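Subject: Handover of a structure and notes on its features

Dear colleague,

Please find below the sequence and structure that I am handing over to you. My notes follow directly after it.

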Amino acid sequence: MGNSKVAVIGAGSVGATISYAVMLRDIASELLLVDVVPEVVEGQTLDLSDANMLSSTRVRGATNKEAGQADIIIITAGAKQKPGESRTQLIDRNYKILESVIGSMQPIRKDAIMILVSNPVDVLTHIAQKLSGLDRNRVFGTGTFLDSSRLRGYLAQILNVSTPSIHAYVLGEHGDSQFVAWESATVAGKPLLSFPEIKNLDLNDIEKKIMQKAYKIIDAKGATYYGIGACAAILCEAIILNKCDIRPLSVYVESLGTVISAPAKIGAEGIEGVYDIPLSTNERKKMEASANTLKEMCAKYS
């Protein structure tokens with residue numbers, strides 16, 4: 001563990017849950033919490049410090065400047081979409097927030113790793129890569145990591161095997177144009193689509209269910225934060241312990257010329273490799289269409 005320092009920008013429900021999950025993994029020596037509202041930081045740090053009986057991670061409030069010197073910087077700060085607001089307007093507002101947050105962290109240490117959690121995560125990752133001054137491999141987003149975990153959990157129940165035994169990805173934009181890469185999905189090295197239990201299922205329906213799970217949670221309780229909290233903690237662990245995990249994350253994919261979710265190896269240096277996995281002709285078209293959508297959105301912030 002050494003003296004690893006994790007900074008979380010944004011101390012709302014998502015930032016606090018990520019902090020709690022990182023603390024429970026006991027992988028960071030210090031956790032810095034940053035927010036524009038000092039009272040929120042104070043409340044969250046006091047509450048989180050009560051969990052120190054389960055962890056040796058010290059938690060404290062910090063400034064943006066201090067956060068810029070952390071080993072890992074997790075950005076959860078961002079505007080929520082207002083009723084009737086277009087996606088472009090939302091991105092414009094989030095661009096201003098990112099510009100302010102990243103600007104006030106400068107100079108960011110050159111070996112820091114920045115993880116974007118705020119949505120729309122692909123476009124914001126692209127923007128953060130431009131604004132941070134860090135190498136591209138050191139700035140990435142959580143992408144479709146959570147969507148893929150939801151998919152694996154769903155399939156694990158159908159096949160009655162453990163979730164880690166399912167190898168399947170949701171790829172593309174973290175949003176409306178995401179899709180399931182059925183062609184490359186396997187269990188015990190056997191193609192997922194060859195299992196009798198899967199053959200009778202409506203794959204489009206599964207895809208929709210996975211995509212709509214977040215909306216279902218938001219409708220019922222207002223926000224989603226436990227799943228993304230777990231994802232962020234797993235990514236921190238992969239970096240600090242140099243685990244070389246492969247996860248579908250928002251990364252720059254050279255062949256597609258944009259930031260998009262693809263399976264990526266994550267270790268001490270950030271993104272250490274991006275994998276081009278087998279896709280059916282239809283899936284390849286979906287990936288390219290998703291990339292074109294994102295390219296269009298990102299072009300404004302190049």
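Isoleucine 217 counts as partly exposed because its relative accessibility is 26%, where buried means under 20% relative accessible area, exposed over 50%, and partly exposed in between, for a 1.4 Å probe and protein chains only. Isoleucine 217 is found in helix H8; helices (H or I, at least four residues) and strands (E, at least two) are DSSP runs numbered from the N terminus. Leaving aside neighbours within four places in sequence, isoleucine 217 is in contact with Arg150, Gly222, Ala223 and Thr224, contact meaning heavy atoms within 4.5 Å. The C-alpha atoms of isoleucine 217 and alanine 299 are separated by 32 Å, the two residues being 82 apart along the chain.

Please note that this is a predicted model, in which local features need pLDDT of at least 70 and side-chain atom pairs count only at pLDDT 80 or more, while totals for chains, interfaces and linings use all residues. Residues are numbered from 1 along each chain as its sequence is written, and side-chain values use heavy atoms, with hydrogens and water left out.

Helix H8 spans residues 203-221 and packs against H6 at an angle of about 115°, with the axes 10 Å apart. Here axes are lines fitted to C-alpha atoms, for helices over the stretch in contact, and angles run from 0 to 180 degrees between N-to-C directions. The crossing of H6 past H8 is right-handed, a term used if the near helix is turned clockwise from the far one by less than a right angle, and left-handed if anticlockwise. On the H6 side, Asp147, Arg150, Leu151 and Tyr154 take part; they meet Ile206, Lys209, Ile210, Lys213, Ala214 and Ile217 in H8.

Aspartate 147 belongs to helix H6, residues 145-159, and counts as buried because its relative accessibility is 3%. Its side chain makes a polar contact of 2.8 Å with the side chain of histidine 174. A polar contact is a pair of N or O atoms within 3.5 Å; within protein, one must be able to donate a hydrogen and the other to accept it, and residues adjacent in sequence count only if both atoms are side-chain atoms. Beyond four places in sequence, aspartate 147 is in contact with Val170, His174, Gln178 and Ile210.

His174 is also a contact of asparagine 119, together with Asn94 and Leu124, when neighbours within four places in sequence are left aside. Asparagine 119 lies in the loop between strand E5 (113-116) and helix H5 (121-132) and is partly exposed because its relative accessible area is 40%. The peptide bond from asparagine 119 to proline 120 is cis, with omega near -5°. A further cis peptide bond runs from glutamine 106 to proline 107, with omega near -5°; proline 107 lies in the loop between helix H4 (87-105) and E5.

Which residues does UniProt place under "binding site"? The unreviewed entry gives Gly10, Ala11, Gly12, Ser13, Val14, Gly15, Asp35, Asn94, Val117, Ser118 and Asn119. Of these, Gly10, Gly12, Ser13, Val14, Gly15, Asp35, Asn94, Val117, Ser118 and Asn119 are included in the lining of the largest pocket. On a 1 Å grid over the protein atoms alone, a pocket is an open set of points with protein on both sides within 12 Å along at least five of seven lines, and lining residues have an atom within 4 Å of a point. UniProt positions follow the numbering used here, feature names are shortened, and annotations may be inferred rather than shown by experiment.

Glycine 12 sits in the loop between strand E1 (5-9) and helix H1 (13-25). Leaving aside neighbours within four places in sequence, glycine 12 is in contact with Asp35 and Gln44.

Glutamate 30 is found in strand E2, residues 30-34, and is buried because its relative accessible area is 11%. A polar contact of 2.6 Å joins its side chain to that of arginine 60.

Asparagine 160 counts as exposed because its relative accessibility is 70%, and alanine 188 counts as exposed because its relative accessibility is 77%.

Yours sincerely

Technical notes. 1 Å grid on protein atoms, 1.4 Å probe; cavity = no way out; pocket = protein on both sides within 12 Å on 5 of 7 lines; lining within 4 Å.
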